[in-house]
Amino acid sequence: MVNKLNELRSSKKVREGFNGFALTSFGILVVAIFLMPLVYGIVTSLKTDNQITTLGAPWWPASARTFEYDGRTYDIFRVVECDADDNPIPWGHDADSLTTPDCGGLFGGAVYNWALVNRQRESAEFIDPDNPEAGLITWQGRWRTLERDWVFDAQWSNYLKAWDTIKFPRLLANTLVYALITTVAVVGSSALVAYGFARYPIPYKNVLFMIVIATIILPGAVTLIPQYAVFNQIGWVGTWLPLIVPAFFANGYNIFLLRQFFMSIPKEMEEAAMIDGAGPMRTFVSVILPQSVPALVAASLFHFFFAWNHFFEPLVYLAGSPDKYPITVGLTAFNNLYSQQTNLIQAASLISAIIPLIVFFFAQRVFLQGIVFTGVDK
Amino acid sequence: MTTAIGRKTILGFPRQRKPNSSLLRYRQKWGWIFITPWLIGFSLFYFLPMVASFGFSLVSFNLATPDQIEFVGADNWRRAFVDDPEVLASFIKTFRFSAITLPAGMIFAIFVALLMNSKHVHGKIFMRTLFYAPVMIPGVAATLIWSGVLNEQTGWVNMLLQNIFGIQAVGVEGIRWLQNPQLIYYTYTLMGFWGVGNAMIIILAGLQGVPTELYEAAEIDGANYWQRLFKITLPMISPVIFYNLIIGVIGLMQYFLVPYVLNGGDGSPQGATRFIAVWFYKQSFAFFNMGYGATIAWMIFLVGIALTIALFGSARYWVYYSGSED
């Protein structure tokens, strides 16, 4: 009986171990497929311009080797040679004994990395870079069927090129200034409003709060045109003001998030502060805010990422002022100009992603908790 | 009893027999002071513009000729409903795309969340981070990366399909992810999978909130994995699914970034991506027809409200709230 039970247990253990292995492998596979485009982006960003336009180039960053001979540059090809019996022909052979170069295959023939000097339709003359003194080698066959000799070669300089071409320091400065100012403004003002909603008796408070929630899902389009017309009238179009000024007047999402948090703080400390004679503002600043650091950090992170990613309004308000573009709009303009240069496009895209990714990896705990907080506690 | 008192209490002080009206007024005053930023912001950036937007929809106003504002009554609305077939067509395109991308996105999010909640998977915290990470990549950059990987000639997706599954995928004869109007909604859906992070985190939290007793009871009753999934897990997380659905619908009514980045909003391939938000942008900020643009904006708003109300109305048939009776 006991033995049977043990057997059962151990078989269950084995099964669980197998499930663990199988499902973990499956998870890794899904993650790998999921992130494959990112790997593509990184790999492509390291390719040369030449590799991108060459058919049959390898998928990894590589450059086709060349050889300098007599002051001129020649392309190196992978020349396959073999005799009639599929045996490799040693170097220094009699050119006439050659058959077609295709006979070698992967293992059959010798592969020489030779530089192509004279090209003809059915034959070509090569030079051996390792032994240029030996002079020209005549080879029968169509050189167009030969593959180039690719060697791994990552073009890290693409990042520098993209950085300069897109005027990245300018875009980065714009985006950072915009993101930081609006984050401080929106979180500060939203905290005030959230505190009012969380603790103070306001007539029709529930109705007002419903309106706050409604503004979160209001499509931006419906308010955009009159705003644009007014901002245009007072000369703000083409400046950062239409994007920054509204941030000082709180927004629904952050009000909601912070109010939820404030309501979860026990009231005792506020009462104590009030009894000690602190006014509402004083209580807010020195009692509530210090206790709300996690929520404030989460709200700030959300807004920072939102601002970094913000696209539509900057596109509309800054059209025609490239020196004021944030990263997103700058990247779009860059893509329109250089869409053939996939390597630079990918490099620029990755540059624009790196800062939010780094911030996320360091702050993910607070950040992910914040999402749960707003999403589930409704 | 506590709740009844709690509601009327001021800061938790015991309720006084005679309400201290001067304290109440003082606290009301401060309440107004605290919410002042929002009151101003709401008036200036939401309420007045919305009203004005409706006003704009009744005039003909082109920013190129700002002096020629003319009251045209319902002309813009008639044009949107009758004379401009593009408006209805863009709404239909938006709905068709939504009908593909919303269910697919939701199923993918639930799938990833279930995987990340499985007790058999090791290294979940790290994997969860990796699943979330693409959300951090700015939408423009993510779109450009995807347009590269889906390129019919040089993209890895087609190369992998061809080399692993032997499908003729690479080249003009192959799978033209970005040029085939029959395929483009699936392509955009695929790109949208990179945004799975937020939904995954919220669903994950929902999954962790399902009481384990339910599963234990079901297991004793002999329910298998799929029965537990469909009879316990999904009903229990239906509020979370509902929340994600609302967010998704609102987002799709404003779906603009991907088509704009990929083709400047010209609707290619063959007009398939001229969604309603794209058409709004074109009318308002490419042709500068501000009056007509405002009309389209109001239509987006009204359709959005109708969809939200319909979703809330449907909620009582499929969304389970543990607090409710039965």
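Helices (H or I, at least four residues) and strands (E, at least two) are DSSP runs, numbered from the N terminus. This is a predicted model, in which local features need pLDDT of at least 70 and side-chain atom pairs count only at pLDDT 80 or more, while totals for chains, interfaces and linings use all residues. Residues are numbered from 1 along each chain as its sequence is written, and chains are lettered from A and ligands numbered from 1 in the order in which they are written.

**View 1. Chain A, with 15 helices and 8 strands.** Buried residues make up 39% of the 378 in chain A; a residue is buried if 20 or more other C-beta atoms, placed from the backbone, lie within 10 Å of its own, exposed if 12 or fewer, and partly exposed in between. Two residues are in contact if their C-beta atoms, again placed from the backbone, lie within 7 Å. Take the contacts in chain A between residues at least 6 apart in sequence: 67% of them join residues at least 24 apart.

**View 2. Chain B, with 15 helices and 2 strands.** Chain B has a radius of gyration of 26 Å, well over the 20 Å from the globule rule for 326 residues, so it is more spread out than a compact globule. (The radius is taken over C-alpha atoms, and the rule is 2.2 Å times the number of residues to the power 0.38.) Along the principal axes, the C-alpha atoms of chain B fill a box of roughly 85 × 70 × 35 Å. Of its 326 residues, 38% count as buried.

**View 3. Helices H14 and H15 of chain B, packed at about 160°.** Here H14 (residues 276-286) and H15 (residues 290-318) have their axes 8 Å apart; axes are lines fitted to C-alpha atoms, for helices over the stretch in contact, and angles run from 0 to 180 degrees between N-to-C directions. That makes H14(B) roughly antiparallel to H15(B), a label for angles over 145 degrees. Look for Trp279(B) and Phe280(B), among the H14(B) residues that meet H15(B), whose own contact residues include Ile296(B) and Ile300(B). Ala, Val, Leu, Ile, Met, Phe, Trp, Tyr, Cys and Pro count as nonpolar, Asp, Glu, Lys and Arg as charged, and the others, Gly among them, as polar.

**View 4. Where chain B touches chain A.** In this view, 73 residues of chain B are in contact with 77 of chain A. Helix H2 (residues 21-56) of chain B gives the most to chain B's side, with 20 residues. That side divides into 53 nonpolar, 19 polar and 1 charged.

Definitions and conventions. Parallel < 35°, antiparallel > 145°, perpendicular 65-115°, else oblique.
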